[in-house]
Amino acid sequence: VTVGNAVVVPGQIVVIQQDYETLMTAGASGATLFFAEVDDDVANDVPVQVVPGDRLEPFELEGIIVAPGTANRLGARFNLAEVIVPPGVATSEHDLGVNERYLMLEGPAIVCLGRRSITAHAGDVVHIPTGTMQYLENPGTDPLRFYCLCTPPFTLETYGLGPRKGRIPVGFNLAQWWEDNKGRYGAPIES
């Protein structure tokens with residue numbers, strides 16, 4: 001994707017100054033985007049800036065791949081995290097303590113919100129209000145991938161676990177799975 005003169009790759013964030021007119025182009029495969037208003041201090045008087053995404057790593061408690069801590073925090077309004085759920089993994093029931101919106105990039109996912117469950121697919125947006133105990137599961141044979149937009153920004157202090165424990169396939173090693181697959185997601189591969 002090109003925004004103005006900036007080339008943007010998956011995992012990066014583009015900050016465009018309010019009222020700045022720019023041209024965005026996408027290749028034949030298109031682009032999946034979140035648009036959100038940011039605080040003036042984030043734009044820094046630069047019309048278009050590309051912010052690199054935070055480094056992804058295994059989060060063993062949930063069996064997922066995500067940036068540690070509060071990923072991609074942009075001002076006081078929100079943060080945006082890329083999340084990858086390996087095949088067969090179901091997260092623990094939890095509440096992040098903030099409003100969440102999932103933009104599904106690769107799926108499907110079974111998203112359980114309280115006592116209700118839905119199946120979400122690539123291109124769907126799922127809203128999870130503050131205070132909703134939820135978990136998700138990857139029933140497929142390919143990784144599940146989505147962006148999680150949190151308003152206000154998620155912090156570890158707001159994270160609360162519920163009674164339902166997560167599930168990973170027998171013999172599954174998250175760190176090894178990530179080592180074997182991270183090149184697919186633009187993560188640097190150490191030699």
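Modeller: There are six salt bridges in the structure, where a salt bridge is a side-chain nitrogen of Lys or Arg within 4 Å of a carboxyl oxygen of Asp or Glu. Before I go on: this is a predicted model, in which local features need pLDDT of at least 70 and side-chain atom pairs count only at pLDDT 80 or more, while totals for chains, interfaces and linings use all residues. Residues are numbered from 1 along each chain as its sequence is written, and side-chain values use heavy atoms, with hydrogens and water left out.

Let's start with Arg55 and Glu57, whose side chains meet in a salt bridge at 2.5 Å, N to O. For accessibility, I call a residue buried under 20% relative accessible area, exposed over 50%, and partly exposed in between (1.4 Å probe, protein chains only). Arg55 is exposed because its relative accessibility is 54%, and Glu57 is partly exposed because its value is 24%.

Now compare Arg145 with Glu82, a salt bridge with its closest N and O atoms 2.7 Å apart. This one links distant parts of the chain, 63 residues apart: Arg145 sits in strand β16 (residues 144-151) and Glu82 in strand β9 (residues 78-85). Strands (E, at least two residues) and helices (H or I, at least four) are DSSP runs, numbered from the N terminus. Both partners are tucked away: Arg145 has 11% relative accessibility, so it counts as buried, and Glu82, at 9%, does so too.

Glu179 and Lys182 form another salt bridge, with 3.4 Å between the closest N and O atoms. Lys182 is buried because its relative accessible area is 6%, whereas Glu179, at 37%, is partly exposed. Elsewhere, salt bridges with shared partners tie Glu82, Glu106, Arg145 and Arg184 into one network.

Back to β9, the strand that holds Glu82. Eight of its eight residues are buried, so β9 is largely enclosed by the rest of the structure. In a regular strand the side chains alternate between the two faces of the sheet.

As for pairing (at least two DSSP bridges between two strands), β9 and β16 run antiparallel over seven bridges, with Leu80 opposite Leu149 of β16. Strand β7 (residues 64-66) is also antiparallel to β9, through two bridges, and Ile65 has Ile84 as its bridge partner.

Then there's the nonpolar packing. A nonpolar core is a set of buried Ala, Val, Leu, Ile, Met, Phe, Trp, Tyr and Cys residues joined through side-chain atoms within 4.5 Å. The largest one has 22 residues, of which Val85, Tyr102 and Phe146 touch the most other members. Elements giving two or more residues to this core include β7, β9 and β16, and β16 gives the most, with four. Skipping neighbours within four places in sequence, Val85 is in contact (heavy atoms within 4.5 Å) with Ile64, Leu136, Asn138, Pro143, Leu144 and Phe146. Another core, of eight residues, lies apart, with Ala67, Leu174, Trp178 and Tyr185 among them.

The chain's mean is 79, with 65% of residues at 70 or more. Among the elements, β12 has the highest mean (96) and helix α1 (residues 40-43) the lowest (52). Where pLDDT is low, the predicted coordinates should not be read in detail.

Definitions and conventions: pLDDT = per-residue confidence, 0-100.
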